[in-house]
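This briefing is written for reading alongside the sequence and the 3D view. Please keep both open while going through the points below.

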Amino acid sequence: MRRVMSVKRSLTVAAAALALGTTAALSMPAMADSQPQAGAHRATRAVVVPDMTLDSTGTADLGGAPQGLGNAFGGRATMKDVDGKNLGTAYANCNKDATGTSADQVLCTSILKFSDGAQIALDAVIPVPKPGADLKDFDAIVTGGTLRYEGITGTARFNPSSVGVYEVTFS
């Protein structure tokens, strides 16, 4: 008799857990949905970011800290469209995380601030070549934006055209 009660109690608990789990699963939005979720803080519109040139030549580091391993520093670049029209300013906070024989690895968090106030946030590990080494392209992770770029994600491809100058495309 005692064994029967124990089984009944276990079945009751299992049935309650199953019912609760099913109810919770049915009431939650689909997690694997590839469509953006609508909400107060989530954009559902697709927006195209213009191709641009970032030019940091002639700008000084903002932080004044030596660019040694582990030291943080800042930088900025002008943003121009393919016709040379000024789009805004890019700001970066960086940290040299590794040194190499031909290039150092720098982790940067950047904000592209457009003239109208819209912004795009980027994170990237950037290969910074040593003198005499070839310039290298790299990808950045687009982590979000404001105004017309709210909800944006994806990647930005940086192709160097000269030291401190990059052609940037978004996908």
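Is K130 buried, partly exposed or exposed? At 29% relative accessibility K130 counts as partly exposed, where buried means under 20% relative accessible area, exposed means over 50% and partly exposed lies in between, computed with a 1.4 Å probe on protein chains only. The model is a predicted one, in which local features need pLDDT of at least 70 and side-chain atom pairs count only at pLDDT 80 or more, while totals for chains, interfaces and linings use all residues. Residues are numbered from 1 along each chain as its sequence is written, and side-chain values use heavy atoms, with hydrogens and water left out.

**Salt bridges**

- Across the whole structure a search finds five salt bridges, a salt bridge being a side-chain nitrogen of Lys or Arg within 4 Å of a carboxyl oxygen of Asp or Glu.
- One of them joins D104 to K130, with the closest N and O atoms 3.3 Å apart; because D104 lies in strand β4 and K130 in the loop between β5 and β6, this pair ties together parts that are 26 residues apart in sequence. Strands here are DSSP runs (E, at least two residues), numbered from the N terminus.
- D104 counts as buried, at 8% relative accessibility, and K96, D104 and K130 are linked in a network of salt bridges.
- R148 and D116 meet through their side chains in a salt bridge of 2.0 Å, N to O, and this pair links distant parts of the chain, with R148 in the loop between β6 and β7 and D116 in the loop between β4 and β5, 32 residues apart.
- R148 itself is partly exposed, at 32% relative accessibility.
- D137 forms a salt bridge with R157, whose closest N and O atoms are 2.5 Å apart; D137 lies in the loop between β5 and β6 and R157 in strand β7, so the pair ties together parts that are 20 residues apart in sequence.
- Both partners count as partly exposed, D137 with a relative accessible area of 35% and R157 at 29% relative accessibility.

**The largest pocket**

- The largest pocket has a volume of about 870 Å³, a volume being the space filled by probe spheres set on grid points that are joined across faces, edges and corners.
- A pocket is an open set of points, on a 1 Å grid over the protein atoms alone, where a 1.4 Å probe fits and protein lies on both sides within 12 Å along at least five of seven lines; lining residues have an atom within 4 Å of a point.
- The lining of the largest pocket holds 38 residues, of which S56, I126, V128, G164 and Y166 lie nearest its centre, and β5 gives the most to this lining, with seven residues.

**Individual residues**

- T53, in strand β1, counts as buried at 18% relative accessibility, and its side chain makes a polar contact of 2.8 Å with the side chain of E167. A polar contact is a pair of N or O atoms within 3.5 Å; within protein, one must be able to donate a hydrogen and the other to accept it, and residues adjacent in sequence count only if both atoms are side-chain atoms.
- K85, in the loop between β2 and β3, is exposed, with a relative accessible area of 57%.
- L147, in the loop between β6 and β7, has a positive phi of about 50° although it is not a glycine.

Notes
Helices (H or I, at least four residues) and strands (E, at least two) are DSSP runs, numbered from the N terminus.
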